[in-house]
Amino acid sequence: MSGSHAHALYFHGHSAVHRLPGAVKLAALFVYVLAVVATPPTFFPAMVVHVAVLLTALAFSELPVGFFLRRLLVDIPFVLFALFLPLVGTAPHIEVGFLSLSVPGLYAAWNIIVKATLGVGASVIVGGTTEVPEIVAGLERLRVPRLMTAIISSMVRYMEVVGDEFKRARIAMEARGFRARWLGHARPLATSAGALFIRSYERGERVYQAMAARGFTGHMPDLEERGPISPGQWATGLAPAAVSLVAAAAALLLT
Amino acid sequence: MHIPDGFINLGTSAAAGVISAATVGVSLKKASQEHDRIIPMAGLTAAFIFALQMLNFPVGAGVSGHLLGGALAAVLVGPWVGTLVMSVVLIVQALLIADGGLSALGLNVLNMGIVAVWVGWLLFRGLTKALPKTTGWAIVSSMLAAFVSVVAAAIAFTIEYAIGGQGGASLSTVLTGMVGVHALIGIGEAIITGVVLGAVLAVRPDLVAGVEGVDLAPTRSAPSARAVWAFVVGGMVVALALVFFVAPLADPDPDGLNFVAIDTGFDHTEQPSPIDTPLAGYGVKGIEDDRVGTITAGAIGTVVVFGIGLGLVALVRRRRTA
């Protein structure tokens, strides 16, 4: 372990969004996502507000646009599913060129694509600006059970170790002339996965012994000083989510 | 299988969130009674499942079949820790790589962390007790448990879609598609689960929670290539059987699953075909009976997807060798 806390989605920076406490960002993300999901998809003004809120947060986060767009690609399998809906959807249908598209299917596709993309975008902004210990501390502050956050932080701490071990096994196999084929591929790969499980589990036992030897009491120590969150920080962090919440409420009332 | 935000409506997501939170709460209690070492053990098993999910096997165009690992986690560390492990993986995926929506976290935990884990666990325990107690049969049981757990998660998804989905497609279309595709993913899941379990049983059978109290006579540690092929063929047969028997169940009586009005349901013959292909609207041209039509379409679709999967693998393999 190199001591770096950066994870795959994190983008180092010192923007206003980076400096907000994790708890505030997680709460804001949750409220924003709920507001987006609750909005009737055909009420376009509210959707425009949600997009504007997301773009404002993106601007303040100073994340590079290319980075943001690349991370949005997680969305693709469900976008494909959504694009399929107008083709197999129920009546009534409209003719677009040589295709006959289902109107409920089109609405459903629009709904899924826009909401999923906004949700992924908001998660990317929070993930991109928050380091892992900050996320874990935030979850704890938001009353997620201690045991759960401790498991999460131990997982995150060893994710790269286990992943790298897997990569090394793969490189070792390739160095010995193992070539990836489908069914033939499955067996040696899964055998090394079995070995990886044994190593992970045994590492877990050693980690526990080391923790117990150092007087582990059931709570992971947090090495960083984290003062109380000021009302101002809560207000700044939650403001964009509040705007979306108002938009969602207005949309629900007006439709 | 990772549901994004907005795919299922808020009420259904919230209900699933409550069920999942309660189950995770009970699992936390049960698991910490089982071991005192729960934090590093569950954390490292979660890191292992996370690494394993990076193993992608191609299923067909646009479908990345990656291991879910629910049944494997259940068999290796038991259902309580298994649920915790899967939930932690899903939380980290939602927060750090934006895979699976935060508002849909409850749904994802329910499908992959609870349904898949418990179906896999109960089936594996039942089978290992009923079948001859050898390592070979334990591996076969785990493969079946893994296969069924993936299909069960797909069915759970379809039920959620029926309750709070964004409509558009008829329920039977979604069910046929989800179950068909996941039957194929299930084959890959079964192979990986079986071989991983075989490798662990060969070296450290004491680490496998699923065979606790079962005295296994050792046979060979991992299935041979022929056994794997036999399983693939068997899995195809089961996949087709599912398309034949499960898919039509939804049509004659949509009320069973259906809480939202799915208006036209199955009247594809009276609608203009969306696109003029032989499988348009999931009905085969020239077949009058709707139900037979869907089954045939589903079956052909399953075989075609499987064929595309094999074809893509062949292509990738050729390019790598070239």
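Two strands pair if DSSP finds at least two bridges between them. Helices (H or I, at least four residues) and strands (E, at least two) are DSSP runs, numbered from the N terminus. The model is predicted: local features need pLDDT of at least 70, side-chain atom pairs count only at pLDDT 80 or more, and totals for chains, interfaces and linings use all residues. Residues are numbered from 1 along each chain as its sequence is written, while chains are lettered from A and ligands numbered from 1 in the order in which they are written.

**Exercise 1. Describe the strand pairing in chain A.**

Step 1. Take strand β1 (residues 93-96) and strand β2 (residues 99-102) of chain A; four bridges join them, and they run antiparallel.
Step 2. Assign partners. His93(A) is bridged to Ser102(A) in β2(A). Ile94(A) is bridged to Leu101(A) in β2(A).
Step 3. Inspect the turn. β1(A) and β2(A) form a hairpin with two residues between them. Gly97(A), in that turn, has a positive phi of about 60 degrees.

**Exercise 2. Summarise the fold of chain A.**

Step 1. Count the elements: chain A has ten helices and two strands.
Step 2. Order them along the sequence: α-α-α-α-α-β-β-α-α-α-α-α.
Step 3. Check burial. A residue is buried if 20 or more other C-beta atoms, placed from the backbone, lie within 10 Å of its own. Buried residues are 44% of the 255 in chain A.
Step 4. Check contacts, meaning C-beta atoms, placed from the backbone, within 7 Å. Of the chain A contacts with a separation of 6 or more, 80% come from residues 24 or more positions apart.

**Exercise 3. Classify the packing of α2(A) and α6(A).**

Step 1. Define the geometry. Axes are lines fitted to C-alpha atoms over the stretch in contact, and angles run from 0 to 180 degrees between N-to-C directions.
Step 2. Read the values. Helix α2 (residues 22-38) and helix α6 (residues 103-129) of chain A pack at about 175 degrees, with axes 10 Å apart.
Step 3. Classify. α2(A) and α6(A) are therefore roughly antiparallel (angles over 145 degrees).
Step 4. List residues. Leu29(A) and Val33(A) are among those in α2(A), and they face a set in α6(A) including Leu118(A) and Ala122(A).
Step 5. Sort by class. The contact has nine nonpolar, two polar and two charged residues. Ala, Val, Leu, Ile, Met, Phe, Trp, Tyr, Cys and Pro count as nonpolar, Asp, Glu, Lys and Arg as charged, and the others, Gly among them, as polar.

Note on methods
A residue is buried if 20 or more other C-beta atoms lie within 10 Å of its own, exposed if 12 or fewer, and partly exposed in between; C-beta atoms are placed from the backbone. Two residues are in contact if their C-beta atoms, placed from the backbone, lie within 7 Å. Angles under 35 degrees count as roughly parallel, over 145 as roughly antiparallel, 65 to 115 as roughly perpendicular and the rest as oblique.
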